[in-house]
Amino acid sequence: MKRRLAGALALLFALNIAIITLAQSAQAATYRMGSSGEQVRTIQTKLKNWGYYSGAVDGIYGAQTAKAVEYFQRKNGLTADGIVGPATLRALGMENSISTGGAAAGQADSLALLARVISAEARGEPYSGQVAVGAVILNRVEHPSFPNTIAGVVYQPGAFTCMVDGQIDQPVASSALRAAQEALNGSDPSGGAIYYFNPSTATSAWIWSRPLIKVIGKHRFCA
């Protein structure tokens, strides 16, 4: 009897160690030169869709993939080491695919990123204008011409001024967090817009050609 109990305890201990090891390896997942598989294919696909990578989407992490990762990292304020670790996975919108946090963690990350962009792009704007900026990002996620995740839309090269001028790193206004949640809940004061701009600072002639939907505060929201 004692021998059976000891055996059962030993098996339970081994199972616990295995579970802990798997969880730790998932949380510490990194991809680098020599890696391969579906996660690498996803990394390549995202980088290609966003204009950072022009090679084959073959699931093999070679030199061209590493250079594309470095380019993405430099453009987005990350350590440009060519290794896709937790911070880069988060920027790629892939953190939830290798974490044990499930859907709740992914939703929290999306809310935080959306709030950060709203705060950086529309701090000081009317509250409805802040919600509208969040809605534009979500409208792009649903639009076939843009990446299909919030992270993909936000980190698309040249998409948002705040990613270039450093405003994305400023403290997040509390109103922006509320606005992000409201936009995620389905509110869209922009009227379905996929673009917005401030006419007093816009330098692109192209953006003025977009059909105007409405004006909220200092922003023009366009189709």
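Contact is defined here as heavy atoms within 4.5 Å. The structure is a predicted model, in which local features need pLDDT of at least 70 and side-chain atom pairs count only at pLDDT 80 or more, while totals for chains, interfaces and linings use all residues. Residues are numbered from 1 along each chain as its sequence is written, and side-chain values use heavy atoms, with hydrogens and water left out.

Helices (H or I, at least four residues) and strands (E, at least two) are DSSP runs, numbered from the N terminus. Helix 3 comprises 13 residues, 63-75, and spans 18 Å between its first and last C-alpha. This is close to the expected 18 Å at 1.5 Å a residue, the expectation being 1.5 Å times one less than the number of residues. Residues T65, A66, A68, V69, F72 and Q73 of helix 3 are buried, where buried denotes under 20% relative accessible area, exposed over 50%, and partly exposed in between (1.4 Å probe, protein chains only). Viewed down the axis of helix 3, these buried residues fall within an arc of 160°, so they line one face of the helix; the arc is that of the directions from the helix axis to the C-beta atoms. On the other side of helix 3, K67 and R74 are exposed. Helix 2 (38-49) and helix 4 (86-91) are among the elements that cover the buried residues of helix 3. The residue G77, with a positive phi near 70°, follows helix 3.

In helix 10 (residues 174-184), the buried residues are S175, A176, A179, A180 and A183. Their directions, seen down the axis of helix 10, fall within an arc of 140°, so one face of the helix is lined by them. Helix 10 is followed by G186, which has a positive phi near 115°.

Three strands form an open antiparallel sheet in the order 1-3-2, two strands being paired if DSSP finds at least two bridges between them. Strand 1 (195-197) and strand 2 (212-216) stand at the edges with a single partner strand each, so one side of each lacks a neighbour in the sheet. The twist averages 20° from one strand to the next. Four bridges join strand 2 to strand 3 (residues 219-222) in the antiparallel sense, and V215 stands opposite R220 of strand 3. Helix 7 (residues 127-142) lies across strands 1, 2 and 3, at about 30° to strand 3; axes are lines fitted to C-alpha atoms, for helices over the stretch in contact, and angles run from 0 to 180 degrees between N-to-C directions.

A search of the whole structure finds zero disulfides, a disulfide being a pair of cysteine sulfur atoms within 2.5 Å. C162 is buried at 1% relative accessibility, and C222 is buried with a relative accessible area of 1%.
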